[in-house]
Amino acid sequence: MGEHQTGWQKALYEKTGQDVYFWNFVFLMVFTAIEVGAVYLSLTYGATVFALVSVGIVKFFGIAAFFMHLWDDERELTYTFVFPFIFVVILFLGIAFTTPGGVAGLPAWCSPEFIGSYSP
Amino acid sequence: MSYGDHDDHGHHGSWAPIIASLGTMIFLYGFSEASMGITAIGLVVLIWGLFTWWKGDLPFDGSEKMGELKSYGTPFGGMNIRKAGIWLFLMSEVMIFGSFFGAYMRMRTNWNTHWTLLDKAQEAIDSSLAAPGATAKSIYKECLSEKHTPMITQCEEATGGLVNQTFWHTESSTPVYQHVAAEYITADFMTLLPGAINTFALILSSFTVVLALKAAKNVDLDPKVRDKKVRNYLAMTLMLGTLFLILKLWEWNHLIHDYDFTISTLAGSFFYVTTGAHGVHVFVGLVFLTYFIYKAHIGGWDHNNAQSIEYYGLYWHFVDLAWVIIFPAFYLY
Amino acid sequence: MVKGSELMNKNKIRVISLLFVIFIALAATPQMTSYPTGVNRANGTTGCACHSGGAGTTTVIVDGMPDSFVGGTSYELNITISNPNIAGAELSSNMGGFRLFATDGTFSAGENYTDLVQVMDGGITHTESGNDMRSWVVVWTAPDNEGQIVDFTVHGNAVNGNAVGNIPADGNSGDKWSTFQASIPGAAALGGGAILIEQAEPYEVAIAAITFGIALFSLMLVYVFYRNNPDGFNLNGLTEWLKKWMTTTDHKEVGTLYFVFSFLFLLIGGIFAMLFRLQLAVADNDFLTQDQYNSFFTLHGTTMIFLAAMPMIAAFANWIIPLQIGAKDLAFPRVNAMGFWMLAFSSVLLYGGVMSGEGADITWTMYAPFSNSLGEKGASAGTTLFVAGIIMLGISSTLSGVNFIATVMTMRAPGVTWMKMPLFTWSIFVANAMLYLSLPALIIGTVYLYFDRTIGTHFYDAAVGGDPILWAHLFWYFGHPEVYVVILPAFGVVSEVLSTSAKRSIFGYKSMVYALAGIGVLGFIVWGHHMLTSGMDPTFRLIMMLTTMLVAIPTGVKIFNWLATLWGGSLVFKTHTLWALGFLVTFTMGGISGMFFPVAGLDTHFHDTYFVVAHFHYVLVGGTLFGMFSAIYYWYPKAVGRKLDEKLGLLHFIITFIAMNGTFWPMHQLGIEGMPRRYHTYSVDSWSELNSFITMSALIMGFAQLILTWNIIRSYKYGEKCGKDPWGGWSLEWTTTSPPPTPSFHEIPTQEDDNLHHVESTGGGMFSRMWKGVEPK
């Protein structure tokens with residue numbers, strides 16, 4: 001933990017008087033502000049999504065790497081944490097990003113016209 | 001998650017598992033039968049079970065006799081088993097929130113409805129309702145040209161009313177398309193404010209947990225100062241977490257009463273259940289925190305057993321992590 | 001010890017019995033025939049007065065007779081005669097006649113039959129124009145006196161029509177008649193002991209059976225407690241003893257709890273299965289109502305998967321994993337105990353609805369939008385509790401999952417490296433990893449469903465844009481890994497048992513491990529094959545077809561490795577070996593029938609037919625259950641210190657194996673013929689024969705499990721005592737005493753290389769040694 005950090009983290013501490021957790025905290029706050037700001041900048045649809053996704057990834061990294069100190073811990077823990085994301089991706093591909101083949105051909109209970117009766 | 005006594009002279013039983021399970025059953029039974037009383041009793045029994053559990057852990061001093069076992073062999077050799085355990089537990093949490101997002105994205109990507117849209121566009125062309133020269137794809141694009149949602153009026157024009165009649169409306173003239181929470185939340189800054197403050201509160205609370213851990217591990221500090229510091233940082237975390245929950249309930253109340261955004265729509269169901277599930281994670285974290293604060297209050301933390309705070313922190317940071325994704329996905333976009 | 005020659009004889013008997021079983025099962029099952037006309041009630045001797053043709057092979061069937069009559073009520077009776085040898089006249093339409101008498105009540109013509117039948121001499125018969133057919137509808141109005149029993153006699157005549165054309169001499173020649181008789185009691189005549197078995201309320205039967213089971217179980221608990229220490233028996237000790245079990249965190253004791261729980265629910269699930277098999281035994285049966293049938297097969301499925309198969313796997317995992325990897329206990333003993341108690345209490349929620357007569361009727365797949373609908377057309381009221389129970393099961397499996405994964409990853413003793421870990425541990429590890437990563441999808445799906453049913457969200461309600469297919473996706477994202485979760489541990493057991501019984505290390509250990517891991521990963525990208533008919537993305541459908549077929553490769557690798565293990569080894573025929581061999585046969589058949597489903601075109605035909613039922617019962621009963629039975633016989637001595645009785649075991653195996661094939665093999669044919677699953681009855685008479693055969697086999701299979709129950713109870717005190725290693729196993733669990741101490745190892749042991757442990761196998765091929773019954777030194 002904090003006491004025996006090395007390399008750039010130590011340099012950061014010596015230079016600023018604050019350790020990496022503090023700067024990570026500041027960094028996350030700033031990015032949250034950017035996130036909220038991006039929505040009000042009346043960007044295009046694509047740019048908004050891009051901004052939100054990229055800021056989300058950056059903040060995710062900040063928390064996982066420093067608050068959860070995966071950066072300093074054994075690599076095995078990072079693998080443990082990343083491993084389920086493979087299955088999340090499979091789940092996204094299968095559930096979120098597939099198209100029902102012929103919506104018109106689906107049974108009635110699966111169409112938007114469905115009003116709650118099952119009589120065949 | 002401690003291990004109990006492992007000398008050879010016998011095995012220490014625990015009433016906690018059976019009490020907590022009984023509480024869960026009563027809780028779910030009460031909820032199923034819509035009985036607030038039974039639900040509350042169940043919750044009390046469940047928390048009683050958890051406290052029974054922690055009571056056995058209070059004297060935990062970080063020694064192997066008290067259950068802090070080291071792992072051996074690949075992949076976690078030399079690490080505390082509890083640390084491996086909490087990371088393995090977080091794998092499940094990743095899948096939990098992954099499933100929430102998968103289901104939510106299925107709604108947001110709209111593949112289901114978009115296919116119908118293309119279908120209807122083609123139908124409009126076939127029956128000459130659409131403007132001359134239009135293709136199914138051009139109508140589709142026109143319908144989706146707005147930022148958030150397909151605009152009903154545009155689709156109506158492009159398809160000669162076909163979409164409006166048969167697709168966006170059911171027989172009872174309720175709009176089928178679901179407006180998502182972000183439309184209401186970002187429309188007014190005052191509505192967004194609680195969500196934004198919550199984001200700051202959670203990040204700040206993550207930071208205070210780290211500070212508590214650092215204080216507990218600091219051998220240079222006088223024990224009395226140390227205990228006080230640990231307790232105060234943890235109490236700060238508890239306050240920030242409580243603030244989070246209060247603001248969230250306030251914001252739900254606002255959305256329901258001022259915007260009529262309720263669980264009676266699909267988007268509303270997703271919004272309230274997903275943010276609610278995150279709220280439950282926060283609540284569980286706060287229940288755990290009360291035990292940690294109590295133990296800090298009686299001076300139970302030192303550098304030998306402070307890793308418990310670290311493992312709690314991992315959970316708490318993960319809750320923060322989930323919020324970092326939920327906030328843009330549900331509040332901003 | 002038994003002498004060599006006796007052993008040879010014993011083995012020879014076993015081999016012959018095994019071959020006999022397989023021969024009978026394979027040869028007899030598909031060709032079994034029943035009466036060609038279904039239920040053939042009676043052939044009589046006294047016939048119609050108007051025809052002098054002889055009594056013969058004609059069949060008379062009267063449909064629509066009540067089990068008991070209510071005074072003044074009219075019953076529509078359908079009289080049908082048939083004779084395969086008399087086709088009826090070609091020229092005319094003179095085909096048959098009937099005459100029906102009853103000791104009381106009045107007759108009249110059925111609707112549309114007023115000109116075709118007439119009342120005559122206190123009975124009813126056909127008219128002149130009514131003899132052009134072989135089926136009539138008449139109405140019988142019951143007498144007011146319900147306290148009597150009314151006897152019916154009907155004569156039916158199959159006419160060949162050769163009297164047409166005024167050739168009187170030929171009149172009655174060649175006609176065949178017969179008689180059918182029946183007695184129908186009035187409602188009041190049913191008092192006392194005259195209750196018909198069909199009239200027992202099936203819910204009451206189920207509840208009575210469960211209550212009886214629980215009572216028996218409680219008695220057993222007291223008995224077991226008593227036998228533990230017959231001299232010091234007192235009831236104060238009983239509460240102490242119960243407290244010990246309720247608060248235990250020891251992996252062996254929790255494992256025992258898991259085992260007892262799962263065995264109890266295996267029997268309860270079996271009772272449900274037998275009840276609805278009775279309903280399906282004949283066409284148009286009404287033993288169970290639709291609602292009862294629906295909730296019974298729902299509870300059968302859920303019980304067998306979640307309350308029988310998985311807890312039994314958890315029982316062996318609890319018992320054996322720490323012993324096999326040389327750990328003192330599991331990584332998180334209290335979490336482990338909580339996993340069990342969550343499971344135990346969830347069963348109360350799952351069964352809560354049945355007790356109130358409103359059992360869940362949504363199948364174990366819980367498909368939306370039926371499952372999330374309330375009211376008249378929706379699922380029954382007990383469904384809400386059922387769904388709550390499923391959420392609790394999810395919590396339970398998550399808790400035990402994190403425990404086993406952590407234990408295997410962090411607590412392996414020196415020498416138990418990843419590539420020297422016993423295959424049972426490997427299989428539990430892979431199965432739990434799969435379960436652990438797929439369960440969240442089910443939990444989220446059921447939470448959505450639960451909120452749809454309780455607080456009124458609309459996740460699966462298409463009326464407001466909800467998406468029922470989302471449920472199918474979330475369920476099967478969990479559901480397909482789940483079926484591997486229940487089969488992989490059986491793979492592990494069979495690997496252990498076969499290598500021990502063949503007295504050699506498993507063939508191709510590394511490929512076995514890679515196959516397990518391969519199934520583990522592939523299992524996550526095949527769930528779409530359950531939804532091929534749901535209107536998925538065609539591309540996704542194609543991917544799922546290919547990946548599903550790919551699963552056959554690692555599975556095939558395992559099967560061939562098992563065969564190769566047998567080939568080079570010298571097989572000893574213990575009961576657990578028989579179960580493992582039975583597993584090889586039935587699981588392979590189930591695996592092959594499974595390969596029809598990934599093909600989307602074939603699946604469109606087979607979807608929701610009994611072919612599917614046949615397939616997954618072959619892999620779940622013939623696979624998982626056989627594997628678990630093998631494990632019971634294999635590890636019982638380790639847990640108790642006494643062996644199970646081998647003779648009873650052999651009997652249990654033979655009966656179960658034959659009956660299992662008799663139950664599920666004919667379902668393939670029914671499925672191909674198009675019999676739909678999940679229907680409470682069917683109207684196709686030609687399916688009756690196979691179905692009654694299935695029902696008989698199912699009952700036999702169900703009652704055969706009592707042998708195992710008796711064996712387990714009896715051997716607890718009277719079984720043959722055994723030492724550390726009764727079967728010659730090599731892994732670490734055999735190095736500790738039977739039963740093992742607590743904690744399970746005082747000193748962390750070191751595992752040797754398994755290949756050093758085994759003696760060289762004796763010469764000769766597998767079959768010759770099987771035949772000679774050679775026992776290696």
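How many helices and strands make up the secondary structure of chain B? It comes to 12 helices and zero strands.

## The model

This is a predicted model: local features need a pLDDT of at least 70, side-chain atom pairs count only at pLDDT 80 or more, and totals for chains, interfaces and linings use all residues. Residues are numbered from 1 along each chain as its sequence is written, while chains are lettered from A and ligands numbered from 1 in the order in which they are written.

## Chains A and B

Helices (H or I, at least four residues) and strands (E, at least two) are DSSP runs, numbered from the N terminus. In chain B, the elements run α-α-α-α-α-α-α-α-α-α-α-α from the N terminus on. Chain A has four helices and zero strands. Its order is α-α-α-α.

A residue is buried if 20 or more other C-beta atoms lie within 10 Å of its own, exposed if 12 or fewer, and partly exposed in between; C-beta atoms are placed from the backbone. Of the 333 residues of chain B, 47% count as buried. For the 120 residues of chain A, the figure is 32%.

Two residues are in contact if their C-beta atoms, placed from the backbone, lie within 7 Å. Take the contacts in chain B between residues at least 6 apart in sequence: 66% of them join residues at least 24 apart. In chain A, residues 24 or more positions apart account for 34% of the contacts with a separation of 6 or more.

## Confidence in chain B

pLDDT is the predictor's confidence in each residue, from 0 to 100. Chain B averages 83, and 83% of its residues score at least 70. Over residues 1-10 of chain B, pLDDT stays under 50; the model has 24 contacts beyond four places in sequence for them. Residues 165-176 of chain B are also below 50, and this stretch has 19 contacts beyond near neighbours in sequence.

## Where B meets C

The contact takes 52 residues from chain B and 57 residues from chain C. On the side of chain B, helix H1 (16-32), helix H3 (81-109) and helix H11 (266-297) each give two or more residues. H3(B) gives the most, with 13 residues.

Ala, Val, Leu, Ile, Met, Phe, Trp, Tyr, Cys and Pro count as nonpolar, Asp, Glu, Lys and Arg as charged, and the others, Gly among them, as polar. By class, the side of chain B that touches chain C has 30 nonpolar, 20 polar and two charged residues.

## Inside chain C

Domain bounds come from an automatic or database domain assignment. For chain C it gives domain 1 (59-190), domain 2 (200-246) and domain 3 (248-757). The centres of domain 2 and domain 3 of chain C, taken over C-alpha atoms, are 26 Å apart.

Helix H9 (residues 468-501) of chain C has 34 residues. All 34 of the 34 residues of H9(C) are buried, so this helix is largely enclosed by the rest of the structure. Just after H9(C), C:Lys503 takes a positive phi of about 55 degrees.

## A buried loop residue

C:Asn372 sits in the loop between helix H6 (333-355) and helix H7 (382-410) of chain C. Why does C:Asn372 count as buried? Because it has 27 C-beta neighbours inside 10 Å. Leaving out residues up to four places away in sequence, C:Asn372 touches C:Leu449, C:Asp452, C:Arg453, C:Tyr460 and C:Asp461. C:Ile362 is 10 residues from C:Asn372 in sequence and 9.4 Å away in space, C-alpha to C-alpha.

Notes:
Expected span 1.5 Å × (residues − 1).
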